[in-house]
Amino acid sequence: MRDPYKILGVPQDAGADEIKAAWRNKAKAVHPDHNQGDPTATARFAEVGRAYETLKDPKKRSLFDTAARMAEARVSGDTIMQQRQAAREAAVRAKAAQANAERVMEELTRANAQKAARAAAEAAKQQQASPESAEDMVERIFGAQAKAASAGATVHPQANASRRPEAEAGKPEAEAIKPEEEGAETAAVAAAGGILQPLSILTSLVRRFTGSTPAPEKAPDQFAQTTVTIEDILKGNWATVQLGESREASFALSAGTREGHQVRLKGQGYKLPNMQRGDAVVSIHIAPDARFTVDGFDLHTVLPVTIENAVLGTEARIDGPNGPVDVTVPAWSGSDKTIRISGQGLSDDTGGKGDLVVELRIMLWEKPDDKVTDLMRSMREGLFL
C-alpha cells in the first residue's frame, strides 16, 4: 500500500477532522459513479478507502508511522554499517594477502638456496670420486647457458693442439704447456663456475617470482537497492542503480524479478588499493502501485461490489496488467471472496506466470436508502417481510 498521507494529500501531523474532510473530497472525486469512463476509478476509490481506514484509527495510524520510521532508519543504518564492515574486511584481507606473499617469497628463496647447495655438494663428491673436466662440471651444474658464458674463460683442447706444432717448431720443447699450467686453467674454470652459480640462482629466483605472481584478491561486494515499478517488470525495462561516488549502473529486468530479488553486477562494486574490483549486489524494491499489490509473482487488485450485485451476482470489467479483463462475480459473494485469473501476474524464472487475484469488497451506496435500512432492521430483529 502506498503512503496513506500522500493518497489523501494531508501532512503527517494532520488532525482527525482534516483527514476526514480530505477523505470525503477524494472519495467524491474518484467515485466510480462520477467517473464511469475511467477504468481506474474503482481501484483509486478503493485505495482512498484503505488510506482513510488506516489514518482514522489511532492504533493503525500509530503502527504505520512507527513502521515508516523504522524502515527509514533501517535503510540508512544498514547502508552505513555495510560500508564500514566491507572496508574492515577488505583491510584484513589485504593485510593477510601481503603477509602470505612475503611468506611465499621467503620459502621460495630458501628452497632454491638449499637446492643449489645440494647440487654443489653433489658435484664436489663426484669430482673427488672421478675427476672430470671443467666444462663437464659447468654443463652438469649450470646447464648450457652457463657453459656458453664460461667459454671465453676456458682454454679449448683443440686450440692447444693447433698451437703445439708451432711451439715445437720455433721454440724449445720446454715451453710446452706444463701440468701446473693445466691446473691453473682448471682453477680458472672453477672460479668462473663459482661466479656464475649465484648469478644463475638469482636469475631463476627473479624468473620464478615474476612468472608466478598470484592474481590480486577481490574486493568485497557492494550492496545497493533500486526501486522499479510493476510496469517496468512487465515490460522488461532497464533499471538504474546509484553506486555512490557519482557512479551508476544499468541492467535489464529479466523474468523472475520480484520484491527482494537480487541482481549481481560483475566488477561494479568497491575499488580498493591492490585488489580486484568487487561486485555490486542490487536488491529490487517494487514501488507501490495504485492498481495492484504484489504477492510473490501474483498481483492483487480490489473490486468494489454493491450489495445487490454481491447477492445476485454480476459481470464487471477491471483494469488488468495487460489491459481490461472481464470478471464474473458469482451470486452471494462476500467480501472474503477472491477471483483468481490465471497467467495475468509477473513472469517467474521457470517460464510461467503468476495470477491476477481479484478481491471483492462490498460497498454501500453513497446516500442511505430507506427501504434497504428497513429491510436490514427487520432481518436483524427477526421480522421477515
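**Notebook: looking through a predicted model**

**Entry 1, the whole chain.** I started with burial: 27% of the chain's 385 residues are buried (under 20% relative accessible area; exposed is over 50% and partly exposed is in between, with a 1.4 Å probe and protein chains only). I'm working from a predicted model, where local features need pLDDT of at least 70, side-chain atom pairs count only at pLDDT 80 or more, and totals for chains, interfaces and linings use all residues. Residues are numbered from 1 along each chain as its sequence is written, and side-chain values use heavy atoms, with hydrogens and water left out.

Next I looked up the secondary structure and found 10 helices and 11 strands (DSSP runs numbered from the N terminus: H or I of at least four residues for helices, E of at least two for strands). I also checked contacts (heavy atoms within 4.5 Å). Of those between residues at least 6 apart in sequence, 55% join residues at least 24 apart.

Which residues touch the most other members of the largest nonpolar core? I got Val241, Phe251, Leu265 and Val358, in a core of 32 residues. Strand 5 (residues 280-286) gives this core its largest share, 4 residues. I noted a second, separate core too, with 14 residues, including Leu8, Ala27, Val30 and Ala51. (A nonpolar core is a set of buried Ala, Val, Leu, Ile, Met, Phe, Trp, Tyr and Cys residues joined through side-chain atoms within 4.5 Å.)

Then I went back to Val241. Leaving out residues up to four places away in sequence, its contacts include Phe251, Leu265 and Val282.

I checked the length of helix 3 (residues 41-56): its 16 residues should span 22 Å at 1.5 Å a residue, and its end C-alpha atoms are 22 Å apart, so the two agree. (Expected span is 1.5 Å times one less than the number of residues.) Among the buried residues of helix 3 I listed Phe45, Glu47, Val48 and Tyr52.

How do helix 2 (residues 16-30) and helix 3 pack? Their angle is about 170 degrees, with the axes 9 Å apart. That makes them roughly antiparallel (over 145 degrees). Trp23 and Ala27 of helix 2 are among the contact residues, as are Phe45 and Tyr52 of helix 3.

I found Glu366 in the loop between strand 11 (356-363) and helix 10 (370-381). Is Glu366 buried or exposed? It counts as exposed because its relative accessibility is 52%. I also looked up His31: it is 335 residues from Glu366 in sequence, but their C-alpha atoms are 9.2 Å apart in space.

How values were computed
Axes fitted to C-alpha atoms, helices over the stretch in contact; angles between N-to-C directions. Parallel < 35°, antiparallel > 145°, perpendicular 65-115°, else oblique.
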